[in-house]
Amino acid sequence: MTRQPGPEAPRSTRPTGPRSLAAVLALLALLSTLSALFVLSAPGARAADGDPAVSLSKKEAGKGGEITVSGSGWRPDALLMLLICGQSTPERGVIGGTNSCANADGRAVTTDRKGAFSKKLPVTEPPKPCPCVVHVATVTGEQALADAVFTVAGHPTADLPRQGGDGKLAVLATTRLEGDSSLLTWFGAPPARRLVLTVGNLGSDPVEDPVFEIGTAHGVYAPQWEERQWRGTVAPGGKARIELPVELSAGAHGDYQVSLRYGDKVLAEQPWGVGRPWGVTLFWVLLCLVVPAAVFRIGMAVVDKVRPRPAGAHRLRRPTATPAVIAKAKTKAKANANTNTATNTNTATNTATNMNVTTAVLPWFTPDSAPSENRPRPTTKGQA
C-alpha cells in the first residue's frame, strides 16, 4: 500500500484540469471572434449580399482634374463602364439615360476575381446640369449599376425634373418587327428591323422623351440591353405609336428574342428568326475551289520551268505523226507534184503555139528587117 506511484500521479494533475479547459474555451472564443471580424471586413463580403458599391477619392473636382473610382461587391471578371452624369441622384438614378452623361470621356474597367476594381476617371462636364453622379454599370451579362454623388466644380446646377405618376407607360397593341433584309445581309451585313408598338400613358403626368431599353437574346444567353430614346410626349390618358431601331451583330443568324423594357418593367417581347447568310458560305466554297486550282496551275508552271531538259531538245514538243498519216502525206505530195508537172507542160505547149501563131500572123518581120538595138542609128545631116 505504500508504493502506489501510478494512482498518485493523476491525482496531482487534477487541479490543473479546469484551468486548461477554461484556456481552451477562451482560445476558441477568440478565434471565432477574429474569424467573424475577418469575414465582415473582407472586400468580398458585399458580394454575398449582391449589392455593388462605389467609392470616390474626391467628392468634388473641376474640369480637367482626375479622380479615382473604386468599387467592390461586383460580379467577378465583369466589364464595367464609368461615366460622369448630370441631372442624376443615387435615389432617382440617371434621368434621361446615358444622354445625360459625358460618354466621350468615359472609361471601361474589368473587375478582379473578388469583384473589386480601381480606375482613374477624368473630370469632364456632362451635357446636363448638376446634381451629378459617377455612374457605374455593367456592359455585358446581368445588369447591375451603382451611383456615387459627385460635384463638378463650376458646372451649372438645376432642380431635377418633377417625377411623374405611378402609371406611366403600357403597351396597348401587339408589337411587331417591320423591315426586310437587303442583299448585303445575305453576305453577312448586320440584320436590322424596326420594333413598332403602340403605348398609352396610364399615369396622371405627361411622359416626355421616354428612354426605352431594347434587349436581344439568343438561345440561353441573357439579353444584351441597349438604350433607345423616343422623341415626343405622351399625354395622360393618351397613346402614341413608337418605332425603335433594332440591329444585330454582323453574321447573326438563328432564333432571337427581342425585349422592350421601360424602367424596371418589361413591356413586350417579340421573336425574330434570322436566316443564315448563305452568301458568306458560297464565298468560302468558291475560295476553297479557286485557290487550290490557282496554286496547282502556278506549281505546274514552276515545275515546267525548272525541270531539266535533254541537249538539243525544243521547249515545245511537236506531236509525233503515225505511219498512216505519213503515207497519206507522201501520196498527196506526189499527186501535187504530178499535177504541177502537167500544168507546166501545158504552159510550155501553149507558149510555143502562141509563138508559132505570132510568126504566122506577122510574116513581114524577118530576122534582117526586125529592129535591133545593136544597129547604129542613122545620122542626120550635119551630124558627124
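# Briefing: salt bridges, disulfides and a surface patch

Asp304 has a relative accessible area of 38%, which means that this residue counts as partly exposed, a class that falls between buried (under 20% relative accessible area) and exposed (over 50%), as found with a 1.4 Å probe and the protein chains only. The structure is a predicted model, in which local features need pLDDT of at least 70 and side-chain atom pairs count only at pLDDT 80 or more, whereas totals for chains, interfaces and linings use all residues. Residues are numbered from 1 along each chain as its sequence is written, and side-chain values use heavy atoms, with hydrogens and water left out. The points below cover nine salt bridges, two disulfides, a hairpin formed by β19 and β20, and a nonpolar patch on the surface.

**Salt bridges**

- Asp304 meets the side chain of Arg307 in a salt bridge, at 3.3 Å from N to O; the term stands for a side-chain nitrogen of Lys or Arg within 4 Å of a carboxyl oxygen of Asp or Glu.
- Arg307, the partner of Asp304, is itself partly exposed, because its relative accessibility is 35%.
- Arg241 forms a salt bridge with Glu178, and the closest N and O atoms of the two are 3.6 Å apart. Since Arg241 lies in strand β18 (residues 239–247) and Glu178 in strand β12 (residues 176–178), this pair ties together parts that are 63 residues apart in sequence; helices (H or I, at least four residues) and strands (E, at least two) are DSSP runs numbered from the N terminus.
- Arg241 counts as partly exposed, because its relative accessible area is 44%.
- Arg241 and Glu178 also belong to a network of salt bridges, in which they are linked with Arg176, Arg194 and Glu243.
- Arg231 forms a salt bridge with Asp209, with 3.8 Å between the closest N and O atoms. This pair links distant parts of the chain, 22 residues apart, with Arg231 in the loop between β16 (224–229) and β17 (233–234) and Asp209 in the loop between β14 (207–208) and β15 (211–218).
- In this pair Arg231 is exposed, because its relative accessibility is 60%, while Asp209 is partly exposed, with a relative accessible area of 30%.

**Disulfides and cysteines**

- Cys85 is joined to Cys101 by a disulfide with an S to S distance of 1.9 Å, where a disulfide is taken as a pair of cysteine sulfur atoms within 2.5 Å.
- The link of Cys85 and Cys101 is right-handed, with 95° about the S-S bond. Cys85 lies in strand β4 (residues 79–85) and Cys101 in the loop between β6 (93–94) and β7 (107–110), so the bond ties together parts that are 16 residues apart in sequence.
- Cys130 is joined to Cys132 by the other disulfide, at 2.0 Å from S to S; the torsion about its S-S bond is about -95°, so this link is left-handed.
- Both Cys85 and Cys101 are buried, and Cys130 and Cys132 are buried as well.
- When the bonded cysteines of the protein are numbered in sequence order, the pairing reads 1-2, 3-4.
- Cys288, by contrast, counts as exposed, because its relative accessibility is 53%.

**The β19–β20 hairpin**

- Strand β19 (residues 254–262) pairs with strand β20 (residues 265–274) in the antiparallel sense over nine bridges, where pairing requires that DSSP finds at least two bridges between the strands.
- Two residues lie between β19 and β20 in this hairpin, and Gly263 in the turn has a positive phi of about 75°.
- Across the pair, Tyr256 stands opposite Trp272 in β20.
- Ser259 is found in strand β19 and is buried, because its relative accessibility is 7%.
- Beyond its neighbours within four places in sequence, Ser259 is in contact with Glu213, Ile214, Gly215, Trp225, Ala268 and Glu269, contact being heavy atoms within 4.5 Å.

**Nonpolar surface patch**

- Leu183, Trp186, Phe187, Trp278, Leu282, Val285, Leu286, Leu289 and Val290 form a nonpolar patch on the surface, and together they have about 940 Å² of accessible area.
- Patches are made of residues with over 30% relative accessible area and no salt bridge, with nonpolar side chains (Val, Leu, Ile, Met, Phe, Trp, Tyr) joined within 5 Å and like charges within 9 Å; accessible areas come from the Shrake-Rupley method with a 1.4 Å probe, and for residues only the protein chains shown count as cover.
- Helices α4 (183–186) and α5 (278–306) each supply at least two residues of the patch, and α5 gives the most, with six residues.
- Leu286, one of the patch residues, lies in helix α5 and counts as partly exposed, because its relative accessibility is 45%.
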